[in-house]
2 protein chains.
Amino acid sequence: MYFPSWMRQLYRGLSAQPAWASPRRSLVLSPHRRLPEFSSFIARTNTCGELRSSHLGQEVTLCGWIQYRRQNIFLVLRDFHGLVQIVIPQDESAASVKKILCEAPVESVVQVSGTVVARPPGQENPKMPTGEIEIKVKTAELLNSCKKLPFEIKDFVKKTEALRLQYRYLDLRSFQMQRNLRLRSQMVMRMREYLCNLHGFIDIETPTLFKKTPGGAKEFLVPSREPGKFYSLPQSPQQFKQLLMIGGFDRYFQVARCYRDEGSRPDRQPEFTQIIDISNVFRNTEIGFLQDALSKPQGTVKAICVPGGAEVLPVFLKTSINWNSPVAELIMEEQRLEFIRLMQVQEDDVILLTAGEHQKACSLLGKLRLECADLLEKKGVVLRDPALFSFLWVVDFPLFLPKEDNPRELESAHHPFTAPHPSDIHLLYTEPEKVRSQHYDLVLNGSEIGGGSIRIHNAELQHYVLATLLKEDVKLLSHLLQALDYGAPPHGGIALGLDRLMCLVTGSPSIRDVIAFPKSFRGHDLMSSAPDCVPPEDLKPYHIQVSWPADSESEKNSLNLHQES
Amino acid sequence: MYFPSWMRQLYRGLSAQPAWASPRRSLVLSPHRRLPEFSSFIARTNTCGELRSSHLGQEVTLCGWIQYRRQNIFLVLRDFHGLVQIVIPQDESAASVKKILCEAPVESVVQVSGTVVARPPGQENPKMPTGEIEIKVKTAELLNSCKKLPFEIKDFVKKTEALRLQYRYLDLRSFQMQRNLRLRSQMVMRMREYLCNLHGFIDIETPTLFKKTPGGAKEFLVPSREPGKFYSLPQSPQQFKQLLMIGGFDRYFQVARCYRDEGSRPDRQPEFTQIIDISNVFRNTEIGFLQDALSKPQGTVKAICVPGGAEVLPVFLKTSINWNSPVAELIMEEQRLEFIRLMQVQEDDVILLTAGEHQKACSLLGKLRLECADLLEKKGVVLRDPALFSFLWVVDFPLFLPKEDNPRELESAHHPFTAPHPSDIHLLYTEPEKVRSQHYDLVLNGSEIGGGSIRIHNAELQHYVLATLLKEDVKLLSHLLQALDYGAPPHGGIALGLDRLMCLVTGSPSIRDVIAFPKSFRGHDLMSSAPDCVPPEDLKPYHIQVSWPADSESEKNSLNLHQES
């Protein structure tokens, strides 16, 4: 539970103001940080956001984008430290400077030199950190002119996501993207400092051109120059992490690139909600639908308690004697008491109850729970404070799940290297489906942000799980099995999903808002139009050819035409 | 020139002793670093390398690998902080502990608990940091047994590189690999701290699944699920770096993964040596071979001066009146004086002179220079102190070179985005082959460790270079050309080759010694045997099939057999 503390700290350090409003506080976190120094090769003497009354009289050179112009008298210059007001000279002798500053389109890049002067009394702008001063310009240079933009660089201007992705470099100039990516850089740096400097972790890069993982999900293939041989882009540094542990790097971390070719892979993780299993209470019930559910092999009866729910929800069961439910009369007194005890029901609580096949019952109850929370929050009950970071560890996952297409066979709930729970090892040989794993997930404000596990370090046990229980081809993993035999220490780890974590921290609706150059939903780069066609001669060295689907011959031709046009 | 200073600092912080000998000094660089703290989930109370006389009497739990055993009385336990001596109990009551510690093979992982005691007088080992103490063991547990190793984990044991790569996880336990990778992690961390914390750079990850770069060298292809469409793994974040500058991230860096499918790509960089051009001295010479050389279009006469070379080299030209050379008599007095002035020749210096086509003359003189240095060093003259870091910037590269296969056409000396030297811009339209570039290389102790350039920020100029001078298809780069039109600021950058830099810092002969899991020369992973065969059904979603070379049908079958065997 290390991360919560630094994350809270980090968050406290963040200002809710835009970057321009208080760049030192919002973008620079620790007090010993200073603004970047400039070398002799850089023209600017200061950044646009840093000038104050204390700079009055100084000669400065600033570079930036033209944010806007007012009546050819004022111009607001922007860089990513803030905004500053430039006074365009009006006298004859400065005609050339005036021409440059008045004719350059908005978002052009200019360099100006001049003196920091106080704004005339009454013209100060207290909302602007540089609002006490302005720059009396002497010289100006147009560094690069800007063509007419496809959209305005203003956060309040609505644009479609496709347009934002196509002109990503313009979208990156928005306050929102600047803040998100700068914060991401700082958070990753804090993580590194914590791991490397405080706890002696070693940052090691592992290869991304590797070999296909058996049983893994979709991995991108990379053809090699040897006929028929392919690398694959691994989904995670899974095997390398373990090999580093065996290699004696006792504290390793990496900010790793993971590749997942997600066609439409469903989320295979079983649903987990805070539920209470009340099957035993109703084992001998006379209520038909509960009886039905419990008679099936995976059948269960689950319930959640919504504290104070009676005030806002249509009441279903009440703890008072008159249980407000059509099924209440069928519940026997002893069942009722046991039920109240189990659920710790209080006055005005609402109990929601589901019965049916385990997975479906859990999933449904999870959704009901979120619905209730939404309803209660609409009525003004604060349940989920967005300013709070609520962390939760999820543990005791099953090690195996029945295969979807053949429930009599098992597959790994997470991956075949996860160690069984020490108390359940004996079940591996008798009832493997009942074995709990040493997998753990970390949940932040209801979203999974990370997961990991203690791994199997015993070669024999790993072989048994792979070959006997999962029926995998162990030859593909012979290097790992062999490595476990050469003094592998007990080990485990965790991986955090940086993209999702950053979404939660910045309050972004999509991970595309915390990634500099994201792909679209279909995996396209809308800016460069990757993936793209490749001429057949470029495929030759890799000994591959395209198998055109029969119905796409016309498309193929049109693509070729497009290439040649 | 930022890097030299921190690198010297870093190097000064390094001890030449092995990690076991002084772990705090050799592996932990800054004084405020502490040894890792341990959480309640970790069994060990201390690391093997940290125990001293000050710990006498403490109860400790240690985990580590069995390094060696002496007469079933002592056992040396190793982790990656050092070595410590364990006393195996000999009394009847501790028979089970003795059995574990005496029977576990070397390199097995054990956990021991016991008391830190002083070694008997005279048995201290001053060469070992923990040599004053030993551990009187009470309990022991075998955490994982080790099979017979393919080679001993000792640095002095010679093993082939193929064996080292096949059992990389064992090779990683060697002192050398531990030191190299831990140092690499620390150096990269120092770079990040310097860039992020001191100079406000932003760490941004850019995509590795991108679009083929026109005119770039070999890029790996990644088939997509759309028929005939491919991503490519970019050789560098080249275009993204520029797009980030345009997007307003004014100080960006990344520790980037670069992919280069190097079949046998020759080093295209022209040779650059410190030479002095003396062509003009001999413009009117009567010496036949110099005349010949200078009459050709690319002809030149170049010379280097080897200070003090006369003492060890067979003398060619001497500054004294009796120039010891068969050609000396052909050199006119005024040529001789001009030559001495240009070369700043002193008594006992040796002048080496080449004449011929520019590139060949430079290349030959460069080799002669290294040969001379080798000769002088063999005689005891210290020229290249390996403890010193000598940095050199190489500038004024040509922007274009004649194409090897068609010298009347031009290609970029580096890449088409490099800006021309400001003084040479006018030549772009008349004599582009004479334009110098704003490319710079950074050389450390004779090896190129980095390079970069100021980029073209003007869309028109970039279009002219791409379309008119290089005859590239500009449509493939339309997104970049368009981006330059929307207020691109002047910008530039540099990339360091971390692998090569680490080789120089650690004195490793191969970059494979500073990478955790390197590929072999032919691009194979000898541990997992990647790249590997992929069954045809796995190729289907990517709409590709293997084009088997006609003569490899037999190989194909044997591969398939191998897969099925």
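In which elements of chain A is confidence lowest and highest?

**View 1. Confidence along chain A of the predicted model.** In chain A of this predicted model, confidence is lowest in helix 2 (residues 23–27), at a mean of 30, and highest in strand 4 (residues 109–118), at 97. The value used is pLDDT, the predictor's confidence in each residue, from 0 to 100, and helices (H or I, at least four residues) and strands (E, at least two) are DSSP runs, numbered from the N terminus. The mean pLDDT of chain A is 79, with 78% of its residues at 70 or more. Over residues 552–565 of chain A the pLDDT is below 50, and this stretch has nine contacts in the model beyond near neighbours in sequence, a contact being heavy atoms within 4.5 Å. Where pLDDT is low, the predicted coordinates should not be read in detail. For the complex, the predictor gives an ipTM of 0.78 and a pTM of 0.79.

Residues are numbered from 1 along each chain as its sequence is written, and chains are lettered from A and ligands numbered from 1 in the order in which they are written. In this predicted model local features need pLDDT of at least 70, side-chain atom pairs count only at pLDDT 80 or more, and totals for chains, interfaces and linings use all residues, while side-chain values use heavy atoms, with hydrogens and water left out.

View 2. Strand 13 (residues 391–394) of chain A runs antiparallel to strand 16 and is joined to it by four bridges, with A:Trp393 opposite A:Leu442; two strands pair if DSSP finds at least two bridges between them. Strand 17 (residues 447–454) of chain A is also antiparallel to strand 16, through six bridges, and A:His439 stands opposite A:Ser453. The hairpin of strands 16 and 17 of chain A has two residues between the strands, and in it A:Asn445 takes a positive phi near 45°.

**View 3. The surroundings of A:Gly64.** A:Gly64 is found in strand 1 (residues 59–70) of chain A and is buried, with a relative accessible area of 3%. Leaving aside residues up to four places away in sequence, A:Gly64 touches A:Leu77, A:Arg78, A:Ser108, A:Val109 and A:Val110.

**View 4. A sheet with strands from chains A and B.** Three strands form an open sheet in the order 7(A)-8(A)-19(B), with antiparallel pairing. Strand 7 (220–223) of chain A and strand 19 (532–533) of chain B stand at the edges, each with a single partner strand, so one side of each is left without a neighbour in the sheet. Strand 7 of chain A pairs with strand 8 (residues 229–233) of chain A over four bridges, and A:Val222 has A:Tyr231 as its bridge partner.

**View 5. Helix 13 of chain B.** The buried residues of helix 13 (residues 498–506) of chain B include B:Leu498, B:Leu501 and B:Met502. Just after this helix, B:Gly507 takes a positive phi of about 70°.

Conventions: Buried < 20%, exposed > 50% of the residue type's maximum accessible area, 1.4 Å probe, protein only.
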